[in-house]
Amino acid sequence: MTRTIDTLLLLALPASGKSELRRYLAHLEPQVVGEDLHLGPTVQLDDYPYVHMMRRIAQELTLIDGDPVFFADDASSFAEPRDWGTLIQLLNEDYQLLGTRLVRPESAAQWLFERLDRARLAVGAVPALSLLDDENRDRLAAALEDEALELWADLAASVESWSDGDTVVIEFARGGPDGAAMPLAPPRGYAYSLSQLSGEILARSSILYVWVTPEESRRRNDERARPGRVGDASILHHGVPEAVM
């Protein structure tokens, strides 16, 4: 009897082929997946949709009051480096939801804002969205409701599809600046992000690391990027800003 991997952490630099590998696994014959790869049917969790929505929040807040959170501008990395941990806390919540039925929130945007603030608190960062005045928070929610609802619907489809025997694939990418000494100082790098995973995930996980050089990661990042929302909101076709790379 082969042992099925319960949870697979799929890790790599940006644009290393993680999402293509996820799509490939999802389309293999079940017998091949089970006997050759020791995986059950896969349920996918990914932190990129949260990164995208955090950028959208920053963009819309700039239009509303000129004072963004999360990112200073579209080309920058996180203004608060602990937000790399914020993303992991969101994945922890997603994991806890597996096998449950999600009730559609009255406002998907407000639901997302509450989750982002709660995740930030968990890593010791300021829960910035709750500090907005009611008028600006409501304006922000109205501007982002449709996109937040898409995120909620995608999450609901994933967690509600899970059943015992499935393999949960959790994808995220981490790294550090050129010339940084290893291991990277927290909150950057894998040591920090892995330390933020829940004990339940760590106890049940294996890691598949897709290795490419930084140069290849940058090349593929430029190659896959598509302009506008068709790229920015897409797991397969978004481009990571050059400063972040």
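## A tyrosine pair

Y190 is buried, its relative accessible area being 17%, where buried means under 20% relative accessible area, exposed over 50% and partly exposed in between, with a 1.4 Å probe and protein chains only. Y209, at 38% relative accessibility, counts as partly exposed. This is a predicted model, in which local features need pLDDT of at least 70 and side-chain atom pairs count only at pLDDT 80 or more, while totals for chains, interfaces and linings use all residues. Residues are numbered from 1 along each chain as its sequence is written, and side-chain values use heavy atoms, with hydrogens and water left out.

## Aromatic pairs

The structure holds 4 aromatic pairs; rings of Phe, Tyr and Trp (its six-membered ring) pair if their centres lie within 6.5 Å, and planes under 30 degrees apart count as stacked, over 60 as edge-to-face and the rest as tilted. One of them joins F78 and W84 edge-to-face, at 4.9 Å centre to centre and 85° between the planes, and both F78 and W84 are buried.

The ring centres of Y190 and Y209 are 5.9 Å apart and their planes stand at 85°, so this pair is edge-to-face. Because Y190 lies in helix α7 (residues 189–196) and Y209 in strand β4 (residues 205–209), the pair ties together parts that are 19 residues apart in sequence; helices (H or I, at least four residues) and strands (E, at least two) are DSSP runs, numbered from the N terminus.

## Cluster and charge

F71, F78 and W84 are linked into a cluster by ring pairs. The charged end of R55 sits over the ring of F71, 3.8 Å from its centre, the criterion being NZ of Lys or CZ of Arg within 6 Å of the ring centre and within 35 degrees of the ring normal.
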